[in-house]
Amino acid sequence: MKDLLFSIPYWKFALKDWDQKKEKIQTLLKQYPCIKHKDQNFLTNRRLPPEKALIFLNECLKLFADPLQEFAQEIKTNLKTTRAFATSYEKGHDHILHNHGKSLFTAMAYIDLDPKIHSGTIYKQPYNQFDSGNVAFVIPKVVEGDMIIVPGNIEHLSPVNSSSERKTIIAMDLDFHD
């Protein structure tokens with residue numbers, strides 16, 4: 001008899017009032033733009049000074065309050081969002097395999113994403129396939145205005161953007177509330 005030893009959940013939310021939210025997010029990203037750092041092949045505002053990072057975090061908490069609250073209720077746990085940042089990918093940009101291991105969960109909101117020309121985030125299964133020993137990857141279907149929440153220790157990447165259209169996400173790290 002076959003049964004599952006492991007199962008890794010993720011949560012997906014469609015952001016309500018997306019058109020209005022996107023306008024507010026675009027305004028926020030003009031105030032806190034993504035820039036290129038020489039050690040990264042993408043644009044990000046992840047290295048904001050602490051006082052600006054806190055303002056960006058608080059604005060994101062307002063914009064994404066509904067799905068974050070729904071998620072916390074579903075898992076029956078109070079969560080604290082410890083960090084928020086945007087990442088953008090222009091043509092030729094990618095993000096290597098990484099995780100947010102210090103965080104309990106990571107939320108990713110897809111701001112600029114056309115599924116016809118962009119890939120969503122690619123997640124690496126944390127164990128090899130039992131029958132072949134091969135590494136397996138999963139790409140959940142997402143569209144602009146979706147948010148995915150995954151365990152923070154799941155490795156993920158963004159493949160090379162081969163389009164001239166920018167792809168942008170906002171990521172948030174979630175931990176237990178004190």
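Which residues are exposed on the other side of H2? Pro-50, Glu-51 and Lys-62 are, where exposed means over 50% relative accessible area, buried under 20% and partly exposed in between (1.4 Å probe, protein chains only). Some notes on the rest follow.

1. Ground rules. This is a predicted model, so local features need pLDDT of at least 70 and side-chain atom pairs count only at pLDDT 80 or more, while totals for chains, interfaces and linings use all residues. Residues are numbered from 1 along each chain as its sequence is written, and side-chain values use heavy atoms, with hydrogens and water left out.

2. Helix H2. Helices (H or I, at least four residues) and strands (E, at least two) are DSSP runs, numbered from the N terminus. H2 covers residues 50-63, and its 14 residues should span 20 Å at 1.5 Å a residue; the end C-alpha atoms are 20 Å apart, which agrees. That expected span is 1.5 Å times one less than the number of residues.

3. The buried face of H2. Phe-56, Leu-57, Cys-60 and Leu-63 are the buried residues of this helix. They cover an arc of only 120 degrees around the axis, which puts them on the same side of H2; the arc is taken from the directions from the helix axis to the C-beta atoms. Their packing partners are helix H1 (18-31), helix H3 (65-75), S4 and strand S11 (167-176).

4. Thr-81. This residue sits in strand S4 (residues 79-89) and is buried, at a relative accessible area of 12%. Leaving out residues up to four places away in sequence, Thr-81 touches Leu-57, Leu-61, Leu-68, Met-172, Asp-173 and Leu-174, with contact meaning heavy atoms within 4.5 Å.

5. Aromatic pairs. There are 6 of them in the structure. Rings of Phe, Tyr and Trp (its six-membered ring) pair if their centres lie within 6.5 Å; planes under 30 degrees apart count as stacked, over 60 as edge-to-face and the rest as tilted. Trp-11 and Phe-105 make an edge-to-face pair, 5.7 Å centre to centre with 85 degrees between the planes. Trp-11 lies in strand S1 (residues 11-14) and Phe-105 in strand S6 (residues 105-112), so the pair ties together parts that are 94 residues apart in sequence. Phe-71 and Phe-105 are edge-to-face too, at 4.9 Å centre to centre and 85 degrees between the planes.

6. Charges over rings. Arg-46 lies over the face of Phe-85, at 5.3 Å from the ring centre, and Lys-167 over that of Tyr-89, at 5.2 Å. The criterion is NZ of Lys or CZ of Arg within 6 Å of the ring centre and within 35 degrees of the ring normal.

7. Salt bridges. The structure holds 8, each a side-chain nitrogen of Lys or Arg within 4 Å of a carboxyl oxygen of Asp or Glu. In one of them, Lys-22 meets Asp-112, with the closest N and O atoms 3.2 Å apart. This pair links helix H1 (Lys-22) and strand S6 (Asp-112), 90 residues apart. Lys-22 counts as buried at 16% relative accessibility, and a salt-bridge network links Lys-22, Asp-112 and Glu-144.

8. Back to S4 and S11. Asp-173 and Arg-83 form a salt bridge (3.1 Å, N to O), linking strand S11 and strand S4 across 90 residues. Asp-173 is buried at 3%, whereas Arg-83 is partly exposed at 35%.
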